[in-house]
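Here is a brief report on a single protein chain. Please look over the sequence and the model first.

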Amino acid sequence: MRASGDREAPSARPTARRTVLKGAATAGLATAGLAAAGLAAAPPAAGTGAAPAASAAGGDRPQSVTARLGGTSVTLSVADGILRWSVRRGGRTVVAASALGLRLDDGTVLGRDVRVIRERHRTRRTTWTPVYGRNATVTDHYQEQSWDLTDRATGIRFGVEVRAYRTGVALRYRLLDQGTATIADELTTFVFPDGTTVYSARDENAYEPVAPGSLPVTGTATTDNGPLTDLPLTATLPGGLIACVCESSRVAYPRLMLSSVPGEPNTLSAFLMEHTARGTGPVETATTVTTPFATPWRAVVIGATHAELVDNAELVLNLAPPSALPDTSWIRPGKVFRCELTTAAGLQGVDFAVARGLEYIEYDAGWYGPEFSTPDATRPIAAIDLPSVVSYATSRGIGVFLYVNRLALTDADSLFALYKSWGVRGIKLGFINDGTRTMTDQIIDWARTAAAYELLIDMHDDVRPFGYERTYPNWISLEGVRGNEQFPTATHNVTLPFARNIGGPMDYTICYGQSRDKTTNAHQMAMAAVYYQPLNFLFWYDKPSKYGNPANWPGLPWFNAVPVTWDESRTLAGAIGEYIAVARRNGSTWYLGAMTNESSRTLSLPLSFLGGGTWAATVYADGTPGADPYRTPVVVGTRTVTAAGTLDVAMAPAGGQAVVLKPG
């Protein structure tokens with residue numbers, strides 16, 4: 001094992017100890033095999049065509065194809081046998097010509113000496129309805145270009161697909177020959193323009209704005225080590241563009257990280273994780289897949305402005321498979337209160353949830369004993385009469401979540417069946433150490449198994465999104481972020497909407513009224529509208545008695561009312577690490593949240609998203625700044641507004657505003 005700090009660049013990993021397992025390179029592609037892998041070509045439709053191999057190959061002359069939509073374009077090219085891609089938005093470079101390819105376990109490199117044997121293109125536009133989300137309907141509109149290729153040295157056939165959306169681009173590889181293949185490395189690179197800044201974070205660290213070639217070296221001797229960053233990774237580009245690299249539809253494949261490349265200051269390179277995030281479990285230096293096989297999508301969500309980037313996040317969902325669940329009527333997003341570990345606290349938590357408009361209570365770590373020394377999550381501690389709590393909660397329309405450490409998941413099927421029999425509604429899984437292909441398979445299996453027993457699932461610790469809340473919508477949330485319970489800076493909080501939250505739901509445990517907060521209470525309130533979090537833990541670290549006199553807590557009516565799933569979302573203003581303002585509609589009511597970093601500021605927000613007539617605005621704002629941000633009071637006011645006007649949103653340092661807008 002290499003010592004900490006000695007990690008080789010991904011492109012230079014040793015391959016001598018590896019062997020490749022692949023089918024005959026010249027074997028025909030069976031239609032059934034392609035369909036099983038999701039690779040069967042779509043029937044021709046308007047705007048769809050396929051070039052035959054003879055006309056597509058073209059000898060050794062340079063070739064290129066481009067997919068375009070709404071000012072976004074992604075180009076595939078081959079010159080001197082080398083495969084590359086590039087991305088532009090509005091005529092400006094997002095990703096300059098960058099290498100593509102895969103390295104197999106025997107050292108074979110696919111993408112360095114190729115011949116195009118077939119070209120296909122299509123344009124598709126559909127809409128679909130999520131079970132919950134940022135918007136009631138999602139448009140999936142793209143132009144796709146794909147090449148089937150032959151590696152000249154080995155005859156292995158593979159392909160690459162690119163899609164252009166108005167909201168960004170996506171790329172994936174296809175292994176076409178029947179059999180198996182062992183993938184050692186993915187050679188995708190992202191060459192950004194001069195002057196690019198990327199926001200790098202690993203595990204639960206804060207984001208660091210650095211040049212692409214200057215990612216900090218992280219990791220230990222038992223984890224992946226080097227200048228590495230987790231996804232989603234956001235890049236601010238010259239000229240005002242902003243892009244976020246994400247992955248979607250990760251199946252039978254390790255998690256993607258990105259690495260700086262020595263001597264190439266603007267380049268990031270794909271890095272397939274070999275260890276889990278915390279270094280538990282076996283090391284997996286290669287991944288064997290059954291072919292035909294499609295790799296996960298590498299998505300680049302793009303915004304002409306920082307605000308537009310936030311609104312384009314549904315690209316990640318569009319690349320994931322549709323829901324695998326025939327019935328989703330039992331899936332209910334909601335707000336959650338964590339109870340102390342007694343029967344009385346659970347019963348009080350139920351009453352508090354009813355009074356405060358919450359949908360769930362949760363018993364966290366310790367309800368079945370010390371989580372690392374008592375890996376038996378089938379019996380509660382003596383202090384908790386769980387049947388009584390569940391029965392009372394059910395009678396009052398409140399669901400119960402239970403926390404389970406991964407060490408207690410040796411038989412998830414039996415455990416989830418037991419919880420279903422108890423009347424439990426959801427599970428919060430702890431210390432889920434994502435990273436290897438084995439863990440990808442395990443995570444999907446847990447989501448699938450939970451769905452079989454009609455259980456919601458919230459995965460915690462270092463697990464990263466890949467769009468599968470669309471495929472298994474019972475997988476309602478995940479962490480994978482430096483959480484709010486660690487009382488981060490306001491700058492961190494106004495970075496997340498443009499980074500981690502682009503990839504998918506984010507469990508962020510709102511800490512209203514906490515003296516350890518580095519932000520104002522209005523800033524904490526605004527999180528409920530700014531962040532997309534369909535399972536929203538509120539009043540973290542608190543107990544119901546704290547709010548016994550609601551008059552002392554003017555923000556409570558906001559939390560009572562604010563939903564977690566939306567019919568329409570609009571990001572009104574934003575700059576990564578500086579400020580953000582988001583308006584979201586549920587029914588006829590809009591909820592607006594605005595947050596700032598440590599600088600006070602006033603945003604003048606156009607209200608053109610409102611309908612006609614007058615609107616009553618209830619404004620929860622920062623009062624006179626206190627000695628510490630958490631001491632800044634919340635001041636409540638009302639005013640009448642129209643779509644023709646603007647709303648001036650004044651925020652104290654580390655502050656925010658929360659606004660409810662109702663017609664009439």
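Where does proline 232 lie? Proline 232 sits in the loop between β16 (226-229) and β17 (233-236). A cis peptide bond joins this proline to leucine 231, with omega about -5°.

Note that this is a predicted model. The mean pLDDT of the protein is 92, and 91% of its residues reach 70 or more. Over residues 1-48 the pLDDT is below 50, and this stretch has 107 contacts in the model beyond near neighbours in sequence. Residues 51-58 also have a pLDDT below 50, with 14 contacts beyond near neighbours in sequence.

**Backbone details**

Another cis peptide bond runs from threonine 291 to proline 292, with omega near 5°. Proline 292 belongs to strand β21 (residues 287-294).

Positive phi values come next. Phenylalanine 487 is not a glycine, yet its phi is positive, about 55°. Its place is in the loop between β28 and α10 (490-493). Phenylalanine 487 counts as buried because its relative accessibility is 8%, and buried means under 20%. Threonine 509 is not a glycine either, and has a positive phi of about 45°. Threonine 509 is found in the loop between α11 (500-503) and α12 (521-530). With a relative accessible area of 2%, threonine 509 is buried.

**The sheet**

Seven strands form an open sheet in the order β28-β27-β26-β25-β24-β23-β29. The pairing is parallel. At the edges are β28 (475-478) and β29 (535-537), each pairing on one side only. From one strand to the next, the twist averages 25°.

Strands β25 (residues 399-405) and β26 (residues 426-430) run parallel and are joined by five bridges. Asparagine 405 has glycine 430 in β26 as its bridge partner. Helix α7 (residues 412-422) packs on the sheet and touches both β25 and β26. The direction of α7 makes about 155° with that of β25.

**Salt bridges**

Side chains of opposite charge can pair when their charged atoms come close. The structure holds 32 salt bridges.

| Arginine 163 | Glutamate 144 | 2.7 Å |

Arginine 163 forms its salt bridge with glutamate 144. This pair links distant parts of the chain: arginine 163 is in strand β10 (residues 157-165) and glutamate 144 in strand β9 (residues 138-151), 19 residues apart. Both arginine 163 and glutamate 144 are buried.

Arginine 255 lies in the loop between β18 (242-248) and β19 (256-261), and aspartate 230 in the loop between β16 and β17, so the pair ties together parts 25 residues apart in sequence. Arginine 255 is buried, at 1% relative accessible area. Aspartate 230 also counts as buried, at 2% relative accessibility.

Arginine 298 is buried, with a relative accessible area of 1%. Glutamate 247 is buried at 3%.

Which residues are linked in a network of salt bridges? They are Glu186, Asp230, Glu247, Arg250, Arg255, Arg298, Asp434, Asp462 and Arg464.

How values were computed. Residues are numbered from 1 along each chain as its sequence is written. This is a predicted model: local features need pLDDT of at least 70, side-chain atom pairs count only at pLDDT 80 or more; totals for chains, interfaces and linings use all residues. Side-chain values use heavy atoms; hydrogens and water are left out. pLDDT is the predictor's confidence in each residue, from 0 to 100. Contact means heavy atoms within 4.5 Å. Two strands pair if DSSP finds at least two bridges between them. Helices (H or I, at least four residues) and strands (E, at least two) are DSSP runs, numbered from the N terminus. Axes are lines fitted to C-alpha atoms, for helices over the stretch in contact, and angles run from 0 to 180 degrees between N-to-C directions. Buried means under 20% relative accessible area, exposed over 50%, partly exposed in between (1.4 Å probe, protein chains only). A salt bridge is a side-chain nitrogen of Lys or Arg within 4 Å of a carboxyl oxygen of Asp or Glu.
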